[in-house]
Amino acid sequence: MFISKLETRPPPGGGLGGTVRSASWFRGDAALFGGVEWQATDRLKLTAEYSSDAYPIESPSAFSRDSQLNLGASYKLRPGIDLSVRYLYGTEFGVQLTAALNPKEPANPSGREPAPPPVLARASAAALSWPASIGERDGFRARVTEALSEQGIRLHGLTLSGDSARVEIENTAYPLEAQAIGRTARVLSRLMPARIETFVIVPITGGMPVSQLAIRRSDMETLEHDLDGSWKSFARARISSPEGLTMPGPERYPRFDWRLKPYLAPSLFDPDNPVRADFGAELTAGFEPAPGWEIAGGIRKRLVGNLADATRRSDSVLPHVRSDFNLYDEQGDPVITHLIAARYFKPGRDVYGRVTVGYLEKMYGGISGELLWMPNGSPFALGIEANYVRQRDFDQLLGFRSYEVATGHVSAYWDIGNGFHAQLDAGRYLAGDWGATLTVDREFNNGWKIGAFATLTDVPYSTFGEGSFDKGLRISIPISWLTGEPNKTAYSTTIRSVLRDGGARVDVGGRLYERVRPLQEPALQDGWGKFWR
Amino acid sequence: MMGFGRISRRAAAGAAALALLLAGGCSNLITTLGLGGDVAAVPPRLIGPERLRVTLPARDAQAVLGPVSRNSGVTVWQTLDGISLSFHSGVLIETRGLGHDLMSSDPAGTVAMLRGATDGGYYPQIRTYLDGEQRTVFRSFQCRRGGGSGGRIDEICVSPDETVTNSYWLDAAGRVIKSRQWVGPTIEYMETQQVLR
């Protein structure tokens, strides 16, 4: 060797992981290794490799190394799907099938949802044959409600004044809000009295009006079949932040909803069994007595699964705020997933608020309050959240354990552009530790989200334990991307190599940023390609 | 009326399911799990007695459509299960519900050519589609009148990616009664024929 201090590598082991061990770089014995790769045909690739690693620790306990030569072949069955075989160390044979997904290439780029209702021009024969007063006869509101409901849109409120119709809608189907707005405007063109010239469409979430889009009826009539109708209609729509309260129709509240669905709860990376899962039935119900009020709950009953088989117990020296998850899995069946009463409100034009009380999540119950300042069209938003929570019993029914804590965060959100979104949360975490979380997501316009997060708190690495600090990946795949059908559900998961007690947050539902952002600029513009779809 | 949507929808669902190695033909499962669509097809509200028979050879699908709207010279035709096609003077300008829809196009050059109003030179044709992120993408073609006989007029359109040939059969009054038109890269060609009732 050229430099004597590079000759010995520090011994492996020790440490908790989660840190960069640069002291091991370029240290220890050196030898020649290498390989060749031959693209034999467009689909077939052959590889050969000479390996100089003697695997003194792994051979023969993990595998025997009889040869220094490794051979492999890979065949592209079709774009994105590869079959490969390999022969390693003279003893091991492997087969691998790889299927790659590209979020930018769904099977149905424009979706498979039914065609929207055609615009009905006021000058058309069909419209002229109506009696002049058809718009406001008995049952007018019911017909608007039904026509919107056929399109997966819930009418929240409808008021006519002068030549404009103000229509509050709740989009229950479309991942991109612009499509719900386009379909609403089409429906209105078919049903509104001829004197109505402006449609003011107000998307609503949690009883809060988020945006207000003024769309001219004559633009709907002339741009329906225009080559550049998408951009022209966006440019002519006036988007603003609504002032004041909603004006709900008499039939909107109260509303009760329930659903019985299967659930799948996986658990990864337990050293005893790296893949575990539970499968069962989940009953959820929601009640909305008045605008902004939501009362909701859910229960789960396991049918099959092995999450309860995990026997590893937490060795954490922090309060066990998350690391007792095995005890929750073991003792909870059936469980109350959540049981909450929430109040959503708008204290100002660009300010949104939430208060949630009850059994907030699997492990915590208490009270959670949040305020979000988010102007329409701004890439920045600021939020503040405060929670006082108590740890729930392992059986996840109505009882509590003795641990209580006040947590809270100040959050800054930034839409960086090009699909990147950053979020910085600073505050107090469940174990009483203080610190900050940085999250960066890449969001695709079709709903895919892939992101990474890391949390550093005042808990020292040695106290945190394995992994040194909390970090992980999160991924969200929209169901509509797979099926092409309109559906706002997404399969979301967070991947952590280990879940411990430092840097843990309450997992309360209905956080404001994700509710408000899809209904505002620039999300509306990003989705406008589906306005006429 | 038959719905070609039913056939083509299943084919597309299969492709999507394969992508994630879900079981094929699992539409019942998808519905049970609440993963299906939240918008059902609304029966077409027909405004006339005419019918249009449409075949998608690449999908092995066929349907009969009825008119549901006429606006600014464009007629929208719809199947029972919610797929619509829009034509301007017999020239296809939009599809809705095929999975990879033709979102809009500019038929002026083709319509003029069919009326014999061009000098045989090239004219532009612009089409828009949605890409995988559901953003509008423009595709530009240069088209010219090709051959054709027995009432048929061919149109050859060239883009940087493909060369397509559209064929139109006209009656004595110059109306398109039958056609074979290119929809887009995955749907490929569509054959239409007017049906008298």
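Before we start, one definition: a contact here means heavy atoms within 4.5 Å. With that in hand, hello everyone, and please keep in mind that this is a predicted model.

Let me open with chain B. Among its contacts between residues at least 6 apart in sequence, 36% join residues at least 24 apart. The chain has three helices and 12 strands. Of its 197 residues, 49% are buried. Chain B exposes about 8900 Å², and 54% of that comes from carbon and sulfur atoms.

Now, how do the two chains meet? The contact draws 54 residues from chain B and 52 residues from chain A. Between them, about 4400 Å² is buried, with carbon and sulfur atoms giving 56% of the area. On the chain B side, B:Val39, B:Glu133 and B:Gln134 lose the most area to chain A, and together they account for 16% of what that side buries.

Let's go inside. In soluble globular proteins, nonpolar side chains tend to be buried together. Here the largest nonpolar core has 35 residues, and the members touching the most others are A:Val144, A:Ile181, A:Met192, A:Phe199, A:Ile201, A:Met220 and A:Trp528. Several elements of chain A supply at least two residues each, including α2 (140–150), β6 (153–161) and α4 (217–223). Which element gives the largest share of this core? That is α3(A), with seven residues.

Leaving aside residues up to four places away in sequence, A:Ile181 touches A:Ile169, A:Ile201, A:Pro203, A:Leu213, A:Ile215, A:Leu524, A:Trp528 and A:Phe531. Apart from that core there is another, of 31 residues, with B:Cys143, B:Leu170, B:Trp182 and B:Met190 among them.

On to the aromatics. Over all chains, the search finds 14 aromatic pairs. One of them is A:Trp448 with A:Trp481, an edge-to-face pair at 5.2 Å centre to centre with 75° between the planes. This pair links distant parts of the chain, 33 residues apart: A:Trp448 is in the loop between β21 (434–443) and β22 (449–457), and A:Trp481 is in helix α8 (residues 479–483), both of chain A. Are these two buried or exposed? A:Trp448 counts as buried because its relative accessibility is 5%, and A:Trp481 is buried at 6%.

By contrast, A:Trp528 and A:Phe531 are stacked, 4.5 Å centre to centre and 10° between the planes. Both of these residues are buried. They also belong to one aromatic cluster with A:Trp231, A:Phe234 and A:Trp532.

Rings meet charges here as well. The charged end of A:Arg442 sits over the ring of A:Phe420, 5.7 Å from its centre, and A:Lys471 lies over the face of A:Phe469 at 4.5 Å from the ring centre.

Last, some backbone spots to look at. A cis peptide bond joins A:Tyr253 and A:Pro254, with omega about -5°, and A:Pro254 is in the loop between β11 (238–240) and β12 (255–270) of chain A. The bond from A:Glu521 to A:Pro522 is also cis, with omega near 0°; A:Pro522 is found in the loop between α9 (512–516) and α10 (523–526) of chain A.

Phi of A:Tyr55 is near 45°, and A:Tyr55 is buried, with a relative accessible area of 19%. Phi of A:Tyr89 is near 55°, and A:Tyr89 lies in the loop between β4 (81–88) and β5 (92–99) of chain A.

Terms used
Residues are numbered from 1 along each chain as its sequence is written. Chains are lettered from A and ligands numbered from 1 in the order in which they are written. This is a predicted model: local features need pLDDT of at least 70, side-chain atom pairs count only at pLDDT 80 or more; totals for chains, interfaces and linings use all residues. Side-chain values use heavy atoms; hydrogens and water are left out. Rings of Phe, Tyr and Trp (its six-membered ring) pair if their centres lie within 6.5 Å; planes under 30 degrees apart count as stacked, over 60 as edge-to-face and the rest as tilted. Helices (H or I, at least four residues) and strands (E, at least two) are DSSP runs, numbered from the N terminus. Buried means under 20% relative accessible area, exposed over 50%, partly exposed in between (1.4 Å probe, protein chains only). A charge sits over a ring if NZ of Lys or CZ of Arg is within 6 Å of the ring centre and within 35 degrees of the ring normal. Accessible areas come from the Shrake-Rupley method with a 1.4 Å probe; for residues, only the protein chains shown count as cover. A nonpolar core is a set of buried Ala, Val, Leu, Ile, Met, Phe, Trp, Tyr and Cys residues joined through side-chain atoms within 4.5 Å. Buried area is the accessible area (1.4 Å probe) that two parts lose on being put together, summed over both.
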